[in-house]
Amino acid sequence: QVQLVESGGGVVQAGGSLRLSCAASGRTSDIYAMAWFRQAPGKGRESVGTITWSGGSTTYADSVKGRFTISRDNGKSTLYLQMSSLKPEDTAVYYCAVTFDSPLPGGYYIPEYDYWGQGTQVTVAS
């Protein structure tokens, strides 16, 4: 199993920056990818972006592309989300998650994010 603990959330003015961290422990050596999700009040959870643990390849939602940067420190087993040019619509609880599923050649890749952190609140004031 993997345990995930997010930190770094808070209140920031629109246009400001914030960095979130997610510390992983447990079976971290078998992680294929980690991801950031967010959920605003009354809305469903949405994907923010992903990063492969070994190669560092990233994907981003269109809504955050160019403003957010996902990175990881394998030695510290820590995931980061650097957020800049924050907008009020970025206000949400942010979660990190991990998957052990790797893509198979010629198959459909549908990873299961089995482990989640407790979330950290990000509030962007207008």
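Start by selecting Cys22 and Cys96: a disulfide (a pair of cysteine sulfur atoms within 2.5 Å) joins these two residues, with an S to S distance of 1.9 Å. By that rule the count comes to one disulfide. Turn the view to look along the bond: the S-S torsion of Cys22 and Cys96 is about 55 degrees, so this disulfide is right-handed. Now show the secondary structure, where strands (E, at least two residues) are DSSP runs numbered from the N terminus. Cys22 sits in strand β3 (residues 18–26) and Cys96 in strand β9, so the bond links distant parts of the chain, 74 residues apart.

A word on what you are viewing: this is a predicted model, in which local features need pLDDT of at least 70 and side-chain atom pairs count only at pLDDT 80 or more, while totals for chains, interfaces and linings use all residues. Residues are numbered from 1 along each chain as its sequence is written, and side-chain values use heavy atoms, with hydrogens and water left out.

Buried means under 20% relative accessible area, exposed means over 50%, and partly exposed lies in between (1.4 Å probe, protein chains only). Cys22 is buried at 0% relative accessibility, and Cys96 is also buried, with a relative accessible area of 0%.

Now for the rings. The structure holds four aromatic pairs; rings of Phe, Tyr and Trp (its six-membered ring) pair if their centres lie within 6.5 Å, with planes under 30 degrees apart counted as stacked, over 60 as edge-to-face and the rest as tilted. Select Phe37 and Tyr113: the ring centres are 5.6 Å apart and the planes at 75 degrees, so this pair is edge-to-face. Phe37 belongs to strand β4 (residues 33–39) and Tyr113 to the loop between β9 (92–99) and β10 (115–116), so the pair ties together parts 76 residues apart in sequence. Phe37 and Tyr113 are both buried.

For the last stop, look for charges over rings (NZ of Lys or CZ of Arg within 6 Å of the ring centre and within 35 degrees of the ring normal). Select Arg27 and Phe100: Arg27 lies over the ring face, 3.9 Å from its centre. Then move to Arg45, which lies over the face of Tyr95 at 4.3 Å from the ring centre.

Terms used:
Helix = DSSP H or I, 4+ residues; strand = E, 2+ residues; numbered from the N terminus.
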